[in-house]
Structure formats: C-alpha cells, structure tokens
Amino acid sequence: MKKIIILLILSLALPTSSWVAWAQASKGFTLVLDAGHGGKDPGALGKTGKEKNINLAVALAVGKLVEQNMKDVKVVYTRKTDIFVELNERADIANRAKADLFVSIHTNALPGKAQGRGSETYTLGMHRAADNLAVAKRENAAIMLEKDYENRYEGFDPKSAESYIIFEFMQDTYMEQSVKLANHIQKQFRNAGRPDKGVHQAGFLVLRNTSMPSCLIELGYITTPSEEAYLTSQKGVNELAQSIYQAIKNYKATIK
C-alpha cells in the first residue's frame with residue numbers, strides 16, 4: 001500500500017515528461033516495431049513492389065540495429081514474417097509488452113499518375129489537411145479485411161470522413177513525447193538526404209489504443225517509380241533503417 005501511495009504522489013508531482021522518464025528508468029525500455037500490413041493485406045502496390053514487404057524489411061533492419069547496439073532495449077515485433085495482424089492486435093501487443101515506444105512502419109502511395117517523394121511521420125490526432133485524411137483512410141482500410149470489423153471497431157468506417165470526428169476529441173497523454181520522437185525521425189531522414197515531408201497528425205486506428213508514445217512512419221511513395229526503386233533496394237532499406245534507429249537512440253537519450 002505504501003508503494004502505491006508513493007507512486008501516486010510521484011505521478012501527480014512530476015510533469016508528464018519527467019514521469020515517463022522515471023517510469024522507463026524503473027522498468028527498463030521496450031520498443032515495439034510494427035511492420036504495417038502483411039499476409040492477405042499487401043498494402044500499397046507499385047509496379048513490382050508491395051508495401052507489406054518494404055515495411056517488414058525496414059522493421060527487421062531497425063530491430064537488428066537496436067538489438068546490436070542498444071543492449072538495454074528489448075525489441076518486440078508485431079510481426080516478423082508475412083502474416084496478417086489485425087490493427088487492434090498490433091496495439092494490444094504493445095500494451096501487453098508495457099512498451100515505452102511504438103513505431104509503425106508504412107509506405108505511402110498516390111492515386112493515378114500523381115507523383116510524390118519523401119518521408120513523413122505521423123502522430124495520433126485530427127488531420128488538418130485533406131492529404132493527411134487520405135493517408136489515414138488508406139492505412140485504416142486494412143480493418144475491412146478483418147471479420148466483423150463493423151462491430152469490433154464500433155461502427156468505424158475507414159472510408160467515411162465523418163468517422164474521423166472522434167479523433168478531434170481524443171486527448172493523447174503521450175502527445176509531447178510522440179511529437180518529439182517524430183521530429184527526431186524526420187531530422188534523421190533529412191540527414192540521409194530524404195525529402196522532408198514533415199510531421200503531421202491524423203486519425204490512425206493502429207495508434208488509437210496504444211498506451212505509450214507512438215508514431216506512424218510513411219517511408220516513401222511506392223507509386224513513384226524512382227521512390228519504388230529506392231524503397232525496394234538494399235541501400236534504401238539500410239538507409240531508412242539507420243535513420244529510424246538513430247532517431248530512436250537520440251530520443252531515448254533525451255528522456256533519461
């Protein structure tokens with residue numbers, strides 16, 4: 001009982017960032033890497049490449065770098081092979097692991113002959129631009145491959161703009177830390193020569209139920225030929241993974 005009272009006092013006395021740092025120092029550090037899509041859900045498609053494969057290659061490469069160089073960090077993967085994992089389960093994996101960070105890795109796409117270049121990072125929130133809504137709609141559409149998704153996601157329709165109103169009222173306890181991580185990621189992408197598409201907010205279901213700082217990365221545009229060639233190359237995978245790894249390392253150093 002005395003320990004519980006002390007923890008409650010600390011949680012009230014410390015600012016959010018200090019409380020997060022204290023909690024992490026007390027229990028160690030766990031990173032969850034989420035390779036978006038997988039299995040029957042290929043994600044966005046290029047001329048030859050599939051988003052699910054790019055996401056997995058980069059997630060595994062990031063995890064390897066962390067495991068080799070950050071011995072005090074435990075890495076948990078939502079998937080390590082080409083399997084389908086439901087969006088709610090991805091968040092549940094992170095929550096069960098009592099993770100300190102959740103990083104969801106994705107690949108962007110544009111309709112028709114539209115061209116796009118660069119990397120961007122999202123935190124949970126209300127989209128402020130039509131482009132952000134379009135990205136959220138595409139990524140959230142994965143729930144339509146799940147059984148009984150209408151009931152399991154309480155009537156959420158990933159194609160309907162009205163469904164996203166709920167994100168306007170959501171208060172993210174970890175917003176400050178999530179944005180800090182996202183900024184670190186974009187800085188490293190810039191250092192690697194990637195066009196900087198910035199940090200944004202949008203209503204991603206995979207981030208909605210996570211109980212820790214979290215972000216979703218869009219590595220690049222698979223529907224742009226030059227981007228697809230980069231994303232599917234070993235050079236591209238290595239550079240993107242190195243950027244994300246360095247960002248995680250730098251973020252972790254700031255919360256000690």
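Student: What makes the passage of α7 over α10 a right-handed crossing?

Tutor: α7 passes α10 in a right-handed crossing, the term for a near helix turned clockwise from the far one by less than a right angle (left-handed if anticlockwise). The model is predicted, with local features needing pLDDT of at least 70 and side-chain atom pairs pLDDT 80 or more, while totals for chains, interfaces and linings use all residues. Residues are numbered from 1 along each chain as its sequence is written, and side-chain values use heavy atoms, without hydrogens and water.

Student: Why is α7 called oblique to α10?

Tutor: Helix α7 (residues 175-191) and helix α10 (residues 234-254) pack at an angle of about 140°, their axes 8 Å apart. That makes α7 oblique to α10, as angles under 35 degrees count as roughly parallel, over 145 as roughly antiparallel, 65 to 115 as roughly perpendicular, and the rest as oblique. Axes are lines fitted to C-alpha atoms, for helices over the stretch in contact, with angles from 0 to 180 degrees between N-to-C directions.

Student: Which residues of α7 meet α10?

Tutor: In α7 they include Q177, L181, I185 and F189, and their partners in α10 include L240, I244, I248 and Y251. By class, this contact of α7 with α10 has 8 nonpolar, 7 polar and 1 charged residues. Contact means heavy atoms within 4.5 Å.

Student: Why is E146 called buried?

Tutor: E146 has a relative accessible area of 5%, and buried means under 20%, exposed over 50%, partly exposed in between (1.4 Å probe, protein chains only). E146 is therefore buried. E146 sits in the loop between α5 (130-140) and α6 (149-152), and touches F84, E86, L87, R152 and Y153, leaving aside residues up to four places away in sequence. A polar atom of the E146 side chain lies 3.0 Å from the backbone nitrogen of L87.

Student: What makes A57 partly exposed?

Tutor: The relative accessible area of A57 is 30%, so A57 is partly exposed. A57 belongs to helix α3 (residues 51-69). Its C-alpha atom is separated by 9.7 Å from that of T81, 24 residues apart along the chain.

Student: Which residues of α4 are buried, and what covers them?

Tutor: In helix α4 (residues 87-96) the buried residues are L87, N88, R90, A91, I93 and A94. Their cover includes β1 (29-35), β2 (73-77), β3 (101-108), α5, α6 and α8 (205-208). Just after α4, K98 takes a positive phi of about 50°.

Student: How many helices and strands does the protein chain have?

Tutor: The protein chain has 10 helices and 6 strands, being DSSP runs numbered from the N terminus (helices H or I, at least four residues; strands E, at least two). Buried residues make up 51% of its 256 residues.

Conventions: Polar contact = N/O pair within 3.5 Å; in protein donor to acceptor, adjacent residues only side chain to side chain. Nonpolar A, V, L, I, M, F, W, Y, C, P; charged D, E, K, R; others polar.
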